[in-house]
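Take a look at the model below. We will walk through it one part at a time.

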Amino acid sequence: MSMNSQGRASRADNIPGNADSIETFTGHRGLEQQEKLIFEVGDPSRTGVDFADPGKFDPAFGGLERHAPIGLPGLSEPEAVRHYSRLSRKNYAIDMGMYPLGSCTMKHNPRLNEKMARVPGLADVHPLQPQSTVQGSLRLMQELAHWLKTLTGMPAVAMSPKAGAHGELCGLMAIRAALEARGNARKTVLVPESAHGTNPATAALCGYGVKAIPADSRGRVDLAAFEAELNEDAAAVMITNPNTCGLFENEIAKLADAVHDAGALFYCDGANFNAIVGRVRPGDLGVDAMHINLHKTFSTPHGGGGPGSGPVVFSEALAPFAPLPYVVEENGAFKIKEHPDADDTALGRLTAFHGQMGMFIRALAYMMSHGSDGLRQVAEDAVLNANYVMASLKDVMTPSFDGPCMHECLFDDRFLKGTGVETLDFAKAMIDEGFHPMTMYFPLVVHGAMLIEPTETESKDSIDTFIGMMRSLTRAAKSGDTARFSGAPYLAPLQRLDETRAARNPVLRWTPPEQRAAAE
Amino acid sequence: MSTTRYSEDHEWISVDGDVGTVGITDYAQKALGDVVFVELPDVGAVFIKGDEAAVVESVKAASEIYAPVNGEVTEVNVTLNDDPSLVNQSADDAGWFFKIRMDDAGQLDELMTEDQYEEFVKDLD
C-alpha cells in the first residue's frame, strides 16, 4: 500500500494496472479538468452582469451605432470563475514553487505589499481626482522617488514609464534630447552582444544605428573593442550591470569615463539592480540614466500579476530632460507638475497619467518593510544563493566563465556534448520534475545557454532540492537515458508542443466551427 | 563555372560572373535550429561589406545576415517568405537569401575557401 510520510494510505491496493492508463468518460483527469476555449463554454444568451433595460433613447452616434451581435462569449459568473480557475491549475507560478528563470528575477511577492495596495484610500483613487483629495498618494510617489534616488545616488527620477523597455525608451529619449540641445544628436548606440534584446530595439526606435560590442573571454565587455567604436558618432552606450552572464562589469568606471570623454552618455540597463541594491550606487559609477524594474528588484508582481512599472533615474546632465509629469512639494502641499514652463527642456508626457500607482504602493511597502539594511541583505542573499547553485553544480555541469557570479549563474551545453540531449530537452525534463525551467539560449554569447537565477527568497531546502534534481538529470543524460528528455515534458497538462509549427504558422484567432467548416 | 566563398559569420556566396548568391551555411542552420522567419532585403538595396542585409529567426534566436561583399541586391528568394524551413532543408542551395551584384570581385579573396571554412568550423566545436 502507498503511504504518505505520516503512514496514512495515499493509494488503494486494488487499482487495476497503471493509473495513467485509465480512460475517463469526461476527458477530465480527476482533479485536473480539461477546459475548452472561452468561446466554446457557456452561451451568448448568458451573462454575469445584470444591466437595467435602458428604455427608449435616441442614440447620439449619428447612425454609426452597431446592431449586429459582436460575437463575445456568454458566461455566468460561476462559469467565468471556473474557467479561469481551471486554466490557472495548468500553470506554474512563483506561488507554487521555485522559478529559476535567469534574468527575470522571479522572486516571492510579499503579501504585505498586496495588503497595502488594497488599502481603500490608496486603491480607490482616480487620476483625475482633485489633487487636494489625494495628498497621501502624491506623498507616497514623492517618498518612493526619494528612495529610488537615494538607492541609486542619482538626482532625478521619472516615475511614469510603465515597464523596463518603456524606461529604456524614456532614458534614450532624454539622451537624444540632451545631445540635440548640445547641437548634435549623433548616430550610433553601442550595445554589448550579451544585452537584453530590448536595448538595440530601443536605440533603433530612437533613430540610432546599433553597434554590437563583443564580450571578452571573461564574459565582460571587450574594452578594446568598445573603445575602438567610441568615436564622435557614438551617442550612448547601453550596458547592463551585472550583465546577463551574471557577472559584474568591473571595468565599469573606466568605461564610463571613456564614454564621457568621447562626449557620449551612459545608459545602464537596471534589470539586474537586485544584485547590487544597497551595496552599489549606479550614480557613483558614472551612469547617466537607468531604469529600475520595480517587479524585479522591489518584488511587485510580474506580467499577469499587474501592470509593470519602470521608473528611470537621471544624472545632473540629463535631469533637465526628464519627462513630465512629476510630483513637487510646495509649502507642505504636494502637487503634480503637468505642464512645461516656457524655457523648459523636459520631454513631454510618456503616458496618459502619472504612473502605475498600484506598483508604487507595493514597491514602497517592500522598501519600508526591509529598510536599507534589509535591502542590502536582499542583494547579498541573491548573490549568495546563485553562487551556492553554481558551486554545487559546477562539477557536473559546465559554467561558462570562471570565478564567482552575481545574482545568477550561467552554464553552457558542453556537459551535454555527445549525450544526444540538448539544452531544450534538458529544460523540458525539468518540467516533469516539477520545476519551471531556467532561461535557455540566452545570453547568446555562449552555446546552449542555461541561466539560473534562484533569487534570495528561496530557502536552502528548496535550493538543495533543485540542485539534487539538476544533478540527477545530468547523471541521466550522461548515462544514456535520452528517452527521459527527448519527448519531455511527459507529465505536464500538455506535452512537448511543436514550437516550430506554432511559430511558422501561428493561429491567433478563434474561428467559430461553422465558419471553419465553410472555409474547408 | 561558379566559385563559392565563406565568411566567418557563416554566410556563403556563390559567384557567377559579377553576381553572387548569398545564403547561410549548413553549420549555421544546424546551430540556429528550426528557422521560422526570414526578413529579406529590398531588391535594389545597396550594401557595403559587413552591413546587416537580412535577418533569420529560429526557435532559439534571431540573427543578422551580413553582406559578405559590397554591391546591389538584384533578386531575393521570395519563397522563403512562405517556407522558411527551406533554410534548414537546403541551406546551401534552395535556401539562398539574395543575389548581389558585386562592386569589387577582389573582395572574394578576403573570404574563405570551402577547405578553409571547414577548418574554421572544426576549430569552433
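Which residues are exposed on the other side of α12(A)? They are Lys460(A), Asp461(A), Gly468(A) and Arg475(A). Keep in mind that this is a predicted model.

Now look at the helix itself. Helix α12 of chain A covers residues 460-478, which makes 19 residues. From its first C-alpha to its last, α12(A) reaches 27 Å. That is close to the 27 Å expected at 1.5 Å a residue.

Next, find the buried residues. In α12(A), these include Phe466(A) and Met470(A). Leu473(A) and Ala477(A) are buried as well. Look down the axis of α12(A): its buried residues fall within an arc of 65°, so they line one face of the helix. An α-helix has 3.6 residues a turn, so residues three or four places apart point the same way.

What do the buried residues of α12(A) pack against? Their partners are three helices of chain A: α10 (357-393), α11 (423-432) and α13 (483-486). Follow the chain just past the end of α12(A). There, Gly480(A) takes a positive phi of about 90°.

Stay in chain A and turn to a sheet. This open sheet has four strands, in the order β12-β13-β15-β14, and the pairing is antiparallel. Strands β12 (398-399) and β14 (439-440) of chain A stand at the edges. Each has a single partner strand, so one side of each is left without a neighbour in the sheet. For β14(A), look at strand β15 (residues 450-452) of chain A: two bridges join them, and they run antiparallel. In one bridge, Met440(A) is partnered by Met450(A) in β15(A).

Now move to chain B. Here an open sheet of three strands has the order β4-β6-β7, again with antiparallel pairing. Which strands stand at its edges? They are β4 (35-39) and β7 (62-66) of chain B. Each has a single partner strand, so one side of each lacks a neighbour in the sheet. From one strand to the next, the twist averages 25°. Strand β6 of chain B (residues 52-58) pairs with β7(B) over five bridges, in the antiparallel sense. Within this pair, Val56(B) stands opposite Ser63(B) in β7(B).

Finally, see where the chains meet. Six residues from chain A and six residues from chain B make up the contact. On the side of chain A that touches chain B, three residues are nonpolar, one is polar and two are charged.

Note on methods: Residues numbered from 1 in each chain as written. Chains lettered and ligands numbered in written order. Predicted model: local features only at pLDDT ≥ 70, side-chain atom pairs only at ≥ 80, totals over all residues. Contact = placed C-beta atoms within 7 Å. Nonpolar A, V, L, I, M, F, W, Y, C, P; charged D, E, K, R; others polar. Pairing = 2+ DSSP bridges. Axes fitted to C-alpha atoms, helices over the stretch in contact; angles between N-to-C directions. Expected span 1.5 Å × (residues − 1). Buried ≥ 20, exposed ≤ 12 C-beta atoms within 10 Å, placed from the backbone. Arc of directions from axis to C-beta.
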